[in-house]
Amino acid sequence: MENDHVESDNNGVGLDGSTGEGGGQILRNAISYATILQKKLSIEQIRAKRSKPGLKAQHVASIQLPVQLCGGTLTGDVVGSSSITYIPPPDVGFVQQSFVTKDIGTAGSICLLLQSSLPCALLLKASPYQDKEEEEEDTNPPTRLTLIGGTNAALAPQYDYWHDIFLPVLRQQCGLDEDQVNGSVECRGYFPRGGGKVHVSVKPLTHTQSFQPIRMTERGDVQSIHIRSFHAGKLPRHLAQDMARAAQRHLEQNGLWQQPLAGKPSHVACTVEIVTETHAAGSGLGILIVATTTTGCKLAGSALSSPRKKANDVGLEAAQELIRAWDAGGCVDEWLQDQLILYMALADGVSELLTGCLTLHTQTAIWTAEQFLKDYNDNHQGPLFEVQKMDVNEEESKDDSRSNQNQPFKKQKQSTSSHLEGTGNGCSIDQDLNYGQEGLIPGRHLIRCHGVGFKRKGRPKSTQL
């Protein structure tokens with residue numbers, strides 16, 4: 001796939017929404033960057049290559065939420081729209097509402113709302129002081145979000161993944177306090193009804209703080225595996241037990257799940273949790289398996305049930321996903337890697353992230369970051385992102401050295417679909433390798449990012465809270 005022309009200037013960014021992954025991720029990342037960096041934004045061709053192009057309800061909610069928090073003017077934010085524009089407020093860069101409720105209105109993923117709003121709530125917060133020198137760390141109360149929709153939705157991170165994988169890694173890697181971001185579920189919501197309710201509290205960084213750079217290059221060995229298998233509504237408990245047993249059995253067969261032998265304890269702590277969700281809107285059945293390593297890395301496999309899908313098959317699917325993530329050799333699974341790109345880009349310092357197969361979501365996230373930040377970092381003259389394929393043979397290494405770093409998109413050889421290869425203005429991705437199916441670039445990759453070290457500014461005295 002070749003990229004279309006992107007219209008950008010010093011005061012704004014224009015994006016083709018069909019670029020790369022071509023879905024909601026471009027929207028969520030772009031509105032976060034535009035809000036935080038105070039840039040005008042226009043996006044055309046939104047989800048143009050999907051079977052039903054344009055915005056869905058969850059996309060509308062995910063771009064509206066940062067604007068509710070921070071202000072500005074958003075147009076085109078209606079279901080079915082193929083283009084949006086955003087103009088930041090004249091009093092730039094501050095959370096204007098500390099209590100916000102957002103209802104998707106469908107079973108769309110609540111976690112996708114957090115992808116767009118959490119960076120804004122962490123980095124932008126109103127201060128009653130005129131000068132930043134007067135500001136104290138605990139001046140501002142946390143931003144409190146009440147989000148309504150799907151807690152466990154297909155084709156999106158489940159809330160439990162966000163809480164048990166994403167959030168601990170973000171705290172550990174970006175230097176957040178334990179109480180910086182907290183979430184709790186009041187009610188579970190499943191397809192097709194939705195109606196789940198989640199409360200999230202976000203304590204902002206101070207004006208002297210940036211995200212710490214992410215350093216995840218050593219995976220270590222499996223230290224523990226935890227299976228969380230849940231059922232809700234009319235679906236009985238034995239189905240959750242069947243899922244857990246099927247997952248455990250497959251992990252045992254592949255050497256990840258280890259039962260202690262007589263007189264010889266296992267070096268991997270393995271636990272199973274069967275959960276009855278008593279507060280749920282509708283019925284649901286699903287599983288999350290989390291593997292934690294000796295270096296603190298977390299990888300997961302998850303699956304949700306659907307009509308005519310056997311519980312055993314759901315458990316097997318989750319176990320297979322975890323095994324694929326482990327065999328890929330990275331410090332993160334395929335669902336986490338793209339979610340960390342924005343934090344790497346805004347962090348203060350050089351981040352390094354070892355991944356397995358490089359997903360099209362990750363490639364698109366890097367491209368999006370480049371569009372907003374390519375002229376932001378005056379202290380670093382090279383590319384914002386560099387991607388190095390690991391474990392290549394000698395011939396591939398020669399090809400890699402000849403790759404064109406400034407070729408953002410190109411149709412792939414020997415591939416059934418088009419994929420991102422490099423990202424504009426210097427993301428170095430090998431141009432000649434076979435990138436595989438569905439945009440996945442096989443093999444391990446080291447993503448290096450020279451973060452811009454974003455810090456919020458002091459709030460003008462004239463602005464009212």
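**Strand pairing and beyond**

Reply: Let's start with a facing pair: Thr146 stands opposite His199 in strand E8. Strands here (E, at least two residues) and helices (H or I, at least four) are DSSP runs, numbered from the N terminus.

Me: Before we go on, what kind of model is this?
Reply: This is a predicted model, where local features need pLDDT of at least 70, side-chain atom pairs count only at pLDDT 80 or more, and totals for chains, interfaces and linings use all residues. Residues are numbered from 1 along each chain as its sequence is written, and side-chain values use heavy atoms, with hydrogens and water left out.

Me: OK. How many bridges join E6 to E8, and do they run parallel or antiparallel?
Reply: E6 and E8 run antiparallel, joined by 7 bridges. Two strands pair if DSSP finds at least two bridges between them.

Me: And what about E5 and E6?
Reply: Strand E5 (residues 99-103) runs parallel to E6, with 5 bridges. Thr101 stands opposite Thr146 in E6.

Me: Is E6 enclosed or open?
Reply: Strand E6 (residues 143-149) is largely enclosed by the rest of the structure, because 6 of its 7 residues are buried. Buried means under 20% relative accessible area, exposed means over 50%, and partly exposed is in between (1.4 Å probe, protein chains only).

Me: Where is Thr151?
Reply: Thr151 is in the loop between E6 and helix H4 (159-174). Thr151 counts as buried, at 1% relative accessibility.

Me: Which residues does Thr151 touch?
Reply: Leaving out residues up to four places away in sequence, Thr151 touches, among others, Ile110, Tyr159, Cys187, Tyr190 and Val198. Contact means heavy atoms within 4.5 Å. The Thr151 side chain also makes a polar contact with the side chain of Asn152, at 2.7 Å. A polar contact is a pair of N or O atoms within 3.5 Å; within protein, one must be able to donate a hydrogen and the other to accept it, and residues adjacent in sequence count only if both atoms are side-chain atoms.

Me: Switching topic: where's the cis peptide bond?
Reply: The cis bond joins Phe191 and Pro192, with omega about 5°. Pro192 is in the loop between strand E7 (181-189) and strand E8 (196-202).

Me: Which residues touch the most other members in the largest nonpolar core?
Reply: Those are Trp162, Phe211, Tyr343, Leu346 and Phe372, out of 90 residues in that core. A nonpolar core is a set of buried Ala, Val, Leu, Ile, Met, Phe, Trp, Tyr and Cys residues joined through side-chain atoms within 4.5 Å.

Me: Last one: where is pLDDT below 50?
Reply: Residues 400-437 are below 50, and residues 1-6 stay under 50 as well. pLDDT is the predictor's confidence in each residue, from 0 to 100. The protein's mean is 85. Where pLDDT is low, the predicted coordinates should not be read in detail.
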